[in-house]
Amino acid sequence: MTIKVAVVGATGRMGKLALDLIDAAQDMHLHAALDSKSELSEALGSDVIFEVTRLEVSQKVVEFAVANGIPVVVGTSGWSAQKLAQLDKVLETTPKSSVVVIPNFSIGSMLASSFAAQAATFFNSIEIVEAHHAGKIDSPSGTAVRTAEMIAEARKDLTQPLIPGVGQPARGEVVAGVPIHSLRLSGVSAKQDVVFGGQSELLTISHETSSVAAYSHGILLSLRAASKLSGLTVGLQAVVDAPVAGN
């Protein structure tokens, strides 16, 4: 069976990557490539929508996909825990709909965030430093937010110590109890360090990509799994763990 994919945000870095992946995949066919001038109706008839835009656009794409019964893979940053909870409630009324939200399509990033959540139960002092290319508009990154939320979930039964200097602009933005520091620099693709401070020791879990090619495997996995999933799926780990996911 050939999967017909509509790409929304086709002119961006991730959109162009998706177009190349779809073109090279034997089980996929490009149904439509949409940019900022396109109408969402062009995605009608596709088997899955892949969207990488901006949050305000992303929300409209998801609403359109759900209303028309088209599975959608969301690669846009900014879907906070609160927004996801709201989306989950909407999907309760349309249980057959499938929305797959992936903060980061990199397998390495998925593993690094998982390792960070494991380490979080052993350390009280935790901060995240993330760096992206100068053209990335939003901060902190969706990956950093998701990592902080995973850390908070892992530590939910533990006492959260006070964060030194909290409220001072230079201390970063506190997300789920974890300070996040964002850098936007030329010469960088994407990098995240989760730093854990303990008694006389420091642990850093670091992950870096050198190009968008690092997201290829995760994008293909998500596109192939989207139509077989239902409701809200968040994170690449959930896609990998789903019995429908293949290699």
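**Exercises on a helix pair and a pocket**

In this predicted model, the axes of α4 and α5 come within 8 Å and cross at roughly 30 degrees.

**Exercise 1.** Determine whether α4 and α5 are roughly parallel or roughly antiparallel to each other, and state the handedness of their crossing.

*Solution.* Two packed helices are described by the angle between their axes and the distance between the axes. For α4 and α5, the crossing angle is roughly 30 degrees. Angles under 35 degrees count as roughly parallel. The two helices, α4 and α5, are therefore roughly parallel to each other. The crossing in which α4 passes α5 is right-handed.

**Exercise 2.** Identify the residues through which α4 and α5 meet, and classify them.

**Exercise 3.** Describe the second largest pocket by its volume, its central residues, the helices that supply its lining and the classes of its lining residues.

*Solution.* The volume of the second largest pocket is about 210 Å³. Its lining has 14 residues, of which M110, R146, M150, G235 and L236 are the closest to the centre. At least two lining residues are supplied by each of α4 (107–119), α5 (142–154) and α7 (236–241). The largest share, 4 residues, comes from α4. By class, the lining of this pocket divides into 6 nonpolar, 7 polar and 1 charged residues.

Conventions. Residues numbered from 1 in each chain as written. Predicted model: local features only at pLDDT ≥ 70, side-chain atom pairs only at ≥ 80, totals over all residues. Heavy atoms only, no water. 1 Å grid on protein atoms, 1.4 Å probe; cavity = no way out; pocket = protein on both sides within 12 Å on 5 of 7 lines; lining within 4 Å. Points joined across faces, edges and corners; volume = space filled by probe spheres on them. Nonpolar A, V, L, I, M, F, W, Y, C, P; charged D, E, K, R; others polar. Axes fitted to C-alpha atoms, helices over the stretch in contact; angles between N-to-C directions. Parallel < 35°, antiparallel > 145°, perpendicular 65-115°, else oblique. Left-handed = near helix turned anticlockwise from the far one by under 90°. Contact = heavy atoms within 4.5 Å.
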